[in-house]
Amino acid sequence: MIRCTALTACFVALLTVVLALPAAAQPARVKISYEEPTNAQLRPIYERLKQRAVLEELQAFLSPLRLPRELSVSTAQCGGQSVRFRPQGAAIVCYEMVQAIEELAAKHAQDSDFRQIVIKGAFIETVLHETARALFDILEVPIWGREQDAADRLAALIMVQFGEDVAQVTILGTANLFTWSEKKWTGSDFSDVASPQAQRFFNYVCIAYAAAPLQFGDLVQKGVLPKSRADRCEGEYEQIRRAFDLRIMPYVDPEALVRIRATPWLTWQPKK
């Protein structure tokens, strides 16, 4: 079972903090938009995301948040797989990134069911990663180290808090995406604001293993996650969880969060 006891217990402990928030802290107020691409090759992706109501699902997922200002999330044509986040700007999921995920899955996953699992998991990671960057800005969360790494860690923490089925799909999708990217890092690549894909892979599986050692223990047994790193994963997980409790949980409605954690997200459908 995923180890949520400590995190769940803090919901009640922090209830008084949430009730004492300034009047400016309101329900999530998540504004979403699907921007139409000018590139005809990207239009099918735009249509699929809109039909699937992925941003409406994110709105529902983020409903326990009580934010001091509006959070904007959009899908858009970016001219690349990602765009630089700008303070007070929107969290943007690029159609080019979704296209890259689908192409990698088509190349490496022959089984259609497995391919869809990978696509879904990797897409959720992308959305949570970009949303995390916007939350850091809105809540003025101090970041030591790379912002991209911090966003990865927050995304990974969220992934493993919503049940074994969600954790399995999201971690599996994310891990395969990084493994299949096959990007070779050399020279000036290491000066990038994001960590190498292989390092991001180990950061995600380390959090997954620490949160659910029974579910993801085979990663260590098969040598995917070296034991030398696995032995330190619990400490890494606790460090991230403490930071989450301190900087983000005060802006979360505990009762709403309990309802959201009970929602079957992999079969979510928008309300009519």
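Numbering the bonded cysteines of the protein in sequence order gives the pairing 1-2, 3-4, where a disulfide is a pair of cysteine sulfur atoms within 2.5 Å. Before we look at each bond, a word on the model: it is predicted, so local features need pLDDT of at least 70 and side-chain atom pairs count only at pLDDT 80 or more, while totals for chains, interfaces and linings use all residues. Residues are numbered from 1 along each chain as its sequence is written, and side-chain values use heavy atoms, with hydrogens and water left out.

A search of the whole structure finds two disulfides. One of them joins C78 to C94, with an S to S distance of 2.1 Å. This pair links distant parts of the chain, 16 residues apart: C78 sits in the loop between β4 and β5, and C94 in strand β5. (Helices, H or I with at least four residues, and strands, E with at least two, are DSSP runs numbered from the N terminus.) The torsion about the S-S bond of C78 and C94 is about -95°, so the disulfide is left-handed. How exposed are its two ends? C78 has 23% relative accessibility and therefore counts as partly exposed, whereas C94 is buried at 2%. Here buried means under 20% relative accessible area, exposed over 50%, and partly exposed in between, with a 1.4 Å probe and protein chains only.

Five of the six residues of strand β4 (residues 71-76) are buried, so β4 is largely enclosed by the rest of the structure. Two strands pair if DSSP finds at least two bridges between them. Strand β2 (residues 30-34) pairs with β4 in the parallel sense over five bridges, and V30 stands opposite L71 in β4. Strand β5 (residues 91-94) also runs parallel to β4, joined by four bridges; there, V93 in β5 is the bridge partner of T75. As a reminder for viewing, in a regular strand the side chains alternate between the two faces of the sheet.

Which cysteines form a disulfide with sulfur atoms 2.0 Å apart? They are C206 and C233. This pair too links distant parts of the chain, with C206 in helix α9 (residues 197-211) and C233 in helix α12 (residues 227-247), 27 residues apart. Their link is left-handed, with -125° about the S-S bond. C206 is buried at 0% relative accessibility, and C233 is likewise buried at 0%.

Helix α9 also holds R200, which is buried with a relative accessible area of 13%. Not counting residues up to four places away in sequence, R200 touches E125, H129, D152, F178 and S195, contact meaning heavy atoms within 4.5 Å.

A search of the whole structure finds two cavities of 30 Å³ or more. A cavity is a set of points, on a 1 Å grid over the protein atoms alone, where a 1.4 Å probe fits but cannot get out; lining residues have an atom within 4 Å of a point. The largest cavity holds about 300 Å³ of space. Its lining has 20 residues, with F61, I158, F162, F244 and L257 nearest the centre. Elements that give two or more residues to this lining are α1 (5-13), α6 (112-138), α7 (147-159) and α13 (254-261). The largest share, four residues, comes from α6.

Methods. On a 1 Å grid over the protein atoms alone, a cavity is a set of points where a 1.4 Å probe fits but cannot get out, and a pocket is an open set with protein on both sides within 12 Å along at least five of seven lines; lining residues have an atom within 4 Å of a point. Grid points are joined across faces, edges and corners, and a volume is the space filled by probe spheres set on the points.
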